[in-house]
Amino acid sequence: MNINDLINKIKAREDYSKVGMILCHNGVVRGTSRDGSPVSKVDVKADHKAIEAVIARQKKRPGIIEILYEVNEGELSVGDDLLSIVVAGDIRDNVIPVLTDTLNEIKALGTKKKEYA
């Protein structure tokens with residue numbers, strides 16, 4: 001996973017002149033779960049069809065030029081990159097909520113994660 005590769009794909013677009021903001025999310029595997037218990041590794045599965053549906057829906061929102069993502073699947077260790085999302089759009093008022101909504105929907109609908117102590 002390389003978030004800079006995703007950013008460079010956006011910068012290479014013919015319509016890049018419309019972009020005023022690129023906002024990125026880079027999720028990593030934490031050493032503790034939400035309840036504070038230790039985590040040594042996680043197993044991640046992605047439903048790419050569901051993720052693509054989320055992205056298609058979010059790309060229809062005002063001012064959004066592009067949304068790209070990468071998911072690391074399989075057994076991941078603490079500190080490994082887990083999910084990268086890059087949203088490009090015209091102004092922050094449009095881009096920030098789309099990143100938040102895209103992230104929340106991908107985590108809810110497009111990925112499954114099992115933590116191991």
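What volume does the largest pocket have? In this predicted model, the largest pocket has a volume of about 310 Å³. Rolling a probe the size of a water molecule over the atoms shows where empty space is left.

To find the pocket on screen, select Arg30, Arg34, Leu82, Lys107 and Lys113, which lie nearest its centre among the 16 residues that line the largest pocket. If you then colour the lining of the largest pocket by class, you will find 7 nonpolar, 4 polar and 5 charged residues. Next, select β1 (21-28), β5 (81-89), α3 (92-110) and β6 (111-116), for each of these elements supplies at least two residues of that lining.

Now turn to the sheet, and recall that strands of a sheet pair through backbone hydrogen bonds, either parallel or antiparallel. Here, 3 strands form an open sheet in the order β1-β5-β3, and the pairing is antiparallel. Select β1 and β3 (64-71), which stand at the edges with a single partner strand each, so that one side of each is left without a neighbour in the sheet. Looking across the sheet, you can follow a twist that averages 10° from one strand to the next.

Stay with β1 and β5, which pair in the antiparallel sense over 8 bridges. To see one residue pair, select Met21 together with Gly89, its bridge partner in β5.

Finally, bring back α3 and show it with the strands: α3 lies across β1, β3 and β5, and runs at about 150° to β5.

Definitions and conventions:
Residues are numbered from 1 along each chain as its sequence is written. This is a predicted model: local features need pLDDT of at least 70, side-chain atom pairs count only at pLDDT 80 or more; totals for chains, interfaces and linings use all residues. Side-chain values use heavy atoms; hydrogens and water are left out. On a 1 Å grid over the protein atoms alone, a cavity is a set of points where a 1.4 Å probe fits but cannot get out, and a pocket is an open set with protein on both sides within 12 Å along at least five of seven lines; lining residues have an atom within 4 Å of a point. Grid points are joined across faces, edges and corners, and a volume is the space filled by probe spheres set on the points. Helices (H or I, at least four residues) and strands (E, at least two) are DSSP runs, numbered from the N terminus. Ala, Val, Leu, Ile, Met, Phe, Trp, Tyr, Cys and Pro count as nonpolar, Asp, Glu, Lys and Arg as charged, and the others, Gly among them, as polar. Two strands pair if DSSP finds at least two bridges between them. Axes are lines fitted to C-alpha atoms, for helices over the stretch in contact, and angles run from 0 to 180 degrees between N-to-C directions. Contact means heavy atoms within 4.5 Å.
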